[in-house]
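Welcome, and please open the model in your viewer. We will go from selection to selection and say what is there at each stop.

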Amino acid sequence: MQAEQEDRFQEFVRARWSRLVRTAYLLTGDVHHAEDLTQTALAKAYRSWRRISRSDNPEAYVRRMLVSCNSDRFRKRRVTEALTAAPPERAGRDEGAGRVEERGSLLAGLAQLPPKQRAVVVLRYWEDLSEAEVADVLGCSPGTVKSQASKGLAKLRRYPGLAADRAVSGGRGQGQGQGQGQGSQGQGHRHIPIQGQVQGGSR
């Protein structure tokens with residue numbers, strides 16, 4: 001890799017590392033696995049960086065690699081994990097960063113979802129991607145994304161910890177609904193539409 005491309009890659013890693021690790025954490029349920037997964041995805045991206053860097057959204061390419069590497073991990077061996085450690089902080093200003101740590105029940109509920117459903121919920125409502133963008137990342141149809149999101153949310157609503165949270169909150173405040181994604185930058189962190197106060201992030 002030429003020096004200029006090397007510098008651009010290193011700049012990309014510095015800017016996106018925390019964000020990618022956080023997404024990987026929500027997918028894997030373990031900070032150390034998340035860091036390993038992110039490193040694996042970035043190593044693959046490095047080998048194709050000249051092509052990836054010319055794309056309109058290099059982060060979307062790397063995110064796709066991240067999800068693919070995680071899927072490979074589940075195919076190679078059955079993985080059972082629980083979201084126990086606090087997710088790493090995201091670099092820079094993020095109004096919703098602290099809320100994830102406060103939502104232990106939601107994180108534990110995510111850990112109970114099958115890998116594809118978890119990926120759909122994370123990408124759709126935490127990364128704030130549209131159904132079409134999630135479909136592109138996962139290599140499936142938008143209809144499959146919609147179906148998996150619906151099933152995943154239904155399971156989260158039935159998760160005991162989330163039911164308890166709703167009871168404590170008195171059932172106040174309906175979820176925001178699915179809505180439309182804000183694009184690949186994931187700036188909005190759309191609420192995960194579960195009744196009560198449980199949410200994936202803050203606008």
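How many aromatic pairs does the structure hold? There are three aromatic pairs, where the rings of Phe, Tyr and Trp (its six-membered ring) pair if their centres lie within 6.5 Å; planes under 30 degrees apart count as stacked, over 60 as edge-to-face and the rest as tilted.

Before you select anything: this is a predicted model, in which local features need pLDDT of at least 70 and side-chain atom pairs count only at pLDDT 80 or more, while totals for chains, interfaces and linings use all residues. Residues are numbered from 1 along each chain as its sequence is written, and side-chain values use heavy atoms, with hydrogens and water left out.

**Stop 1: the rings**

Select Phe9 and Tyr46. Their ring centres are 5.1 Å apart and their planes are at 70 degrees, so this pair is edge-to-face. Phe9 lies in helix H1 and Tyr46 in helix H2, so the pair ties together parts 37 residues apart in sequence. (Helices are DSSP runs of H or I, at least four residues, numbered from the N terminus.) Phe9 is buried, at 6% relative accessible area, whereas Tyr46 is partly exposed at 32%; buried means under 20%, exposed over 50% and partly exposed in between, with a 1.4 Å probe and protein chains only.

With all four shown, you have a cluster linked by ring pairs: Phe9, Phe12, Tyr46 and Trp49.

**Stop 2: H1 against H7**

Show H1 (residues 3-28) and H7 (residues 115-126), which pack at an angle of about 145 degrees with their axes 9 Å apart. Axes are lines fitted to C-alpha atoms over the stretch in contact, and angles run from 0 to 180 degrees between N-to-C directions. At the contact (heavy atoms within 4.5 Å), Arg22, Thr23, Leu26, Leu27 and Thr28 of H1 meet Arg118, Ala119, Val122 and Trp126 of H7.

**Stop 3: the core**

Next, select Leu26, Leu42, Leu110, Leu123, Val134, Leu138 and Leu156, which have the most contacts inside the largest nonpolar core, a set of 43 residues. Such a core is made of buried Ala, Val, Leu, Ile, Met, Phe, Trp, Tyr and Cys residues joined through side-chain atoms within 4.5 Å. H1 gives the most to this core, with nine residues.

Finish on H6 (residues 104-111), where seven of the eight residues are buried.

Technical notes. Helix = DSSP H or I, 4+ residues; strand = E, 2+ residues; numbered from the N terminus.
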